[in-house]
Every structure is written in structure tokens, then in C-alpha cells.
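My notes follow in the order I took them.

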Amino acid sequence: MAVSRAPFGTRLVAGAEGARATSRFGYRPAALGRATAEQPPALIAVAHGSRDPRSATTVSAAVAAVATARPDLDVRTAFLDLNAPSVEQVVDSLAAQGHTHAVVTPLLLGSAFHARVDLPGLLDAARTRHPQLRLTQAEVLGADSLLIGALRDRVLAACDVGSAPADRRIGVAVAAVGSSSAAANARTAEVAARLAARTGWLTEICFATAEPSVSEAISRLYARGAHHALVAPWFLAPGLLADHLLHAAPQVVHTDVLGAHPALTAVILDRYHTAIAETPALSA
């Protein structure tokens with residue numbers, strides 16, 4: 001992705017509630033061309049990857065929004081699998097261009113195998129190839145409150161209920177990927193609970209690859225008194241699993257995925273800055 005330049009302290013308004021991600025670091029914009037010692041660390045946004053081309057398109061749009069919000073950063077997209085460029089290719093490119101530090105930000109909603117094992121392994125190998133390039137892995141996106149707000153926005157857009165979150169007739173089946181780990185699924189279920197606490201809507205969690213299913217969640221919502229039920233995918237991008245949910249419950253409205261929402265831009269940049277702040281300074 002081409003890099004343009006602007007003052008480092010660009011502000012980004014995120015989501016309907018006006019949350020802001022503001023630079024906390026005094027980097028100066030780097031000159032065009034090769035990386036310099038004064039250039040802020042590059043940002044590598046790493047997505048899972050999918051055979052569905054809509055997924056890579058959505059990821060690219062989300063990362064482009066980050067680059068637009070922070071034109072002083074060298075922002076790159078990489079994929080763990082199934083799409084190009086790979087993490088290795090992006091790291092090699094940054095090293096060849098003279099970068100000395102990059103922050104690798106996983107575009108993942110949960111801290112599962114990919115974040116805890118796959119990506120660290122790739123970065124360890126890259127450090128061996130490029131000892132002059134510092135590679136800092138940021139935290140996953142997780143169930144950030146801004147992303148809960150983005151999920152709310154997707155529901156509001158889909159069911160056209162305006163700004164009346166206290167309408168408890170609305171029932172939302174929050175649909176996530178699912179895990180073989182019951183503990184991981186329990187953590188994901190907190191997304192539905194937090195959406196309910198924030199809006200007053202009835203919510204239930206469901207999973208594309210685990211129980212409860214989307215049909216079970218919808219039945220529970222109606223049993224609890226919901227007049228209108230819909231499915232809200234807790235996914236960053238469309239793909240086969242989102243389609244599976246749609247086919248499993250075609251009788252209700254399905255919201256858009258989180259996608260290139262301003263809140264996602266803000267959370268990516270927050271993870272980037274937090275990783276920098278927590279990185280010990282190199283000794284002279």
C-alpha cells in the first residue's frame with residue numbers, strides 16, 4: 001500500500017458515540033523513500049484469510065481506512081493463510097525497505113491458536129531472517145467496547161429501529177465462529193451480554209461451529225418475549241461461516257458484519273499504540 005504523509009497527531013472519530021483514538025506519541029512524519037530512524041513503526045494488520053474473496057476485500061477496506069486515518073504510518077495488510085500477501089512477504093518487504101520496527105496487529109476477535117501460536121511462530125522465524133527489524137506483536141482486537149458499539153450500529157441499520165435501545169421487543173442472536181473450548185465460548189458469550197446491557201435488547205449467543213446453534217438462539221429469544229429477532233454476526237468480514245448462518249436461519253434479518261467501521265479503525269490504532277508503549281526501549 002502506498003504511503004502518504006500528514007501530521008502524526010491525526011484524530012479519528014470512531015462510532016456513533018464519538019469515541020476517539022488520538023496519537024499519544026510524538027513521531028515526526030518520515031520523508032518519502034526508504035525508512036529512516038525517525039519514522040514511526042510500520043503497522044502490519046494481519047487477518048486470518050479466507051477462500052471467499054469478499055473477506056479479503058473487506059479486510060483491505062478496513063486496513064485502507066487505517067492508512068487514511070494515519071497517513072504518516074506505513075500500513076500493510078497481511079494474511080495468515082489462503083490470501084496474499086503472507087506475513088513473511090510483508091515482513092521481508094519492510095526489512096528490504098530499511099524499516100527497523102514494525103507492530104504486527106492481529107485482526108482477530110479472539111485470542112485463540114492463531115494469535116497465541118501461529119503468528120508468534122511466524123514472527124520468531126522472521127526475526128531470525130531480519131535481526132535488524134524489531135517485530136512487536138500487538139494484542140488481538142477482542143471484545144472492545146468500541147466494537148460492541150459497532151455491533152449495535154449494524155443492528156440499528158438492519159432493523160431500522162432508530163435510536164431507541166430500550167425497545168426490549170428486539171431480540172438479537174449474536175453469532176460468533178465458535179470454538180472447541182467451552183471457556184473460549186463463554187468469553188465470547190460476554191459480547192451478547194454486554195450488548196444487552198448497553199441497549200436493553202434481548203440477546204442470546206450462538207455459534208457457527210458449536211452449540212447453541214442460531215436456530216436455538218432465535219427460539220430462546222422468542223420464548224423470552226422478543227417480537228423481532230435478527231442475527232448479528234460477530235465477524236469482521238463476510239465468508240462461508242456467515243453464509244452458513246444465513247442459510248440456517250433465512251426467516252430472520254441478518255445484519256452486516258462489523259467490516260470497515262470507524263470503530264475498527266480506532267481499535268486497530270489503539271492496539272498499535274499500546275504495543276509501542278509496552279515495548280521496552282532498546283539500549284544504546
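Entry 1, V172. I listed what V172 touches (contact means heavy atoms within 4.5 Å), leaving out residues up to four places away in sequence: V155, L195, W201, L202, T203, E204, L221, L230 and A232. I note that this is a predicted model, in which local features need pLDDT of at least 70, side-chain atom pairs count only at pLDDT 80 or more, and totals for chains, interfaces and linings use all residues. Residues are numbered from 1 along each chain as its sequence is written, and side-chain values use heavy atoms, with hydrogens and water left out.

I looked up the nonpolar cores, each a set of buried Ala, Val, Leu, Ile, Met, Phe, Trp, Tyr and Cys residues joined through side-chain atoms within 4.5 Å. Buried means under 20% relative accessible area, exposed over 50%, and partly exposed in between, with a 1.4 Å probe and protein chains only. The largest core has 48 residues, and V172 is among the members that touch the most others, together with L43, L107, L141, L151, V174 and W234. Helix α8 (residues 262-277) gives the most to this core, eight residues. Helices (H or I, at least four residues) and strands (E, at least two) are DSSP runs numbered from the N terminus. Another core, of 18 residues, lies apart from the largest one and includes C206, A217, A226 and L245.

I found β7 (residues 170-176) paired with β8 in the parallel sense over six bridges; two strands pair if DSSP finds at least two bridges between them. A175 stands opposite C206 in β8. How many residues of β8 (residues 202-207) are buried? I counted six of six. L202, E204 and C206 are buried on one side, and T203, I205 and F207 on the other. In a regular strand, side chains alternate between the two faces of the sheet.

Entry 4, the four-stranded sheet. I read the strand order of an open sheet as β4-β3-β5-β6, with parallel pairing. β4 and β6 are the edge strands, each pairing on one side only. The twist averages 25° from one strand to the next; axes are lines fitted to C-alpha atoms, for helices over the stretch in contact, and angles run from 0 to 180 degrees between N-to-C directions. β5 and β6 share four bridges in the parallel sense, and A102 stands opposite L135 in β6.

I checked α1 (residues 53-69), which lies across β3 and β4 and runs at about 160° to β4. α3 lies across β3, β5 and β6, at about 175° to β6. In α2 (residues 87-96) the buried residues are V87, V90, V91, L94 and A95. They lie on the same side of α2, because they cover an arc of only 135° around the axis, the arc being that of the directions from the helix axis to the C-beta atoms. They pack against β3 (42-47), β4 (75-79), β5 (101-106), α3 (113-129) and β6 (134-137). G98 follows α2 and has a positive phi, near 90°.

Is S55 buried or exposed? S55, in helix α1, is buried, with a relative accessible area of 10%. Beyond its neighbours within four places in sequence, S55 contacts S50, A237 and P238.

I recorded eight helices and 10 strands for the chain, with 50% of its 284 residues buried.
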